[in-house]
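Here are my notes on this model, point by point. Please keep the structure open as you read.

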Amino acid sequence: MTEVERNKAIARRIWEEIFPACDVEALAEVVHPDAVGRGRRPDEPPGFEGVKRTMLWLATVFSDQRWEVHDVIGEGDLVAMRLTHHGRQTGDLMGIPPTGREVAYEYVHFLRFRDGKAIEQWSVRDDMTLMRQLGVVPARPEAPVAAG
């Protein structure tokens, strides 16, 4: 297995196995102690501790959560992923009380690896879709039908 293939397998494992199970021991095996989260929450500490807290926090917000991986692309020490986070909002989400609603919104993650562990992470979420699904933002208006 090449280093790129190994990094891609680790990235998949993070989202398909470790985060849904909230497996702190497994997370420590694949996240560098000095990891840098480029999109971390303001109250989230840097390093492994911040990644661990995010994983555990997400489990308090969303029950029955899973990540559906659509694409995994690797080059050098970088892995890019497109995935969908599925779950039911059963906990407070930054001031949004539990709605009990099912959600499915897309993410794009980039992970940079060093020595077989994720050392740097960037992510972009489709927050607008999430807010619409939670009822915080109105649904998109339907496109007008052309008269004709």
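1. Two strands pair if DSSP finds at least two bridges between them. Helices (H or I, at least four residues) and strands (E, at least two) are DSSP runs, numbered from the N terminus. Strand 3 (residues 78-89) and strand 4 run antiparallel, joined by 11 bridges. Within this pair, Arg82 stands opposite Val108 of strand 4.

2. A word on the source. This is a predicted model, where local features need pLDDT of at least 70 and side-chain atom pairs count only at pLDDT 80 or more, while totals for chains, interfaces and linings use all residues. Residues are numbered from 1 along each chain as its sequence is written, and side-chain values use heavy atoms, leaving out hydrogens and water.

3. Strand 4 also pairs with strand 5 (residues 117-125), antiparallel, over 8 bridges. Phe110 has Trp122 in strand 5 as its bridge partner.

4. Look along strand 4 (residues 102-114): its side chains alternate. One face is buried (under 20% relative accessible area; exposed is over 50%, partly exposed in between; 1.4 Å probe, protein chains only). That face includes Val103, Tyr105 and Tyr107.

5. Which residue touches His85, Arg88 and Leu130, among others? Phe62 does, and Val103 and Tyr105 are also among its contacts (heavy atoms within 4.5 Å), not counting residues up to four places away in sequence.
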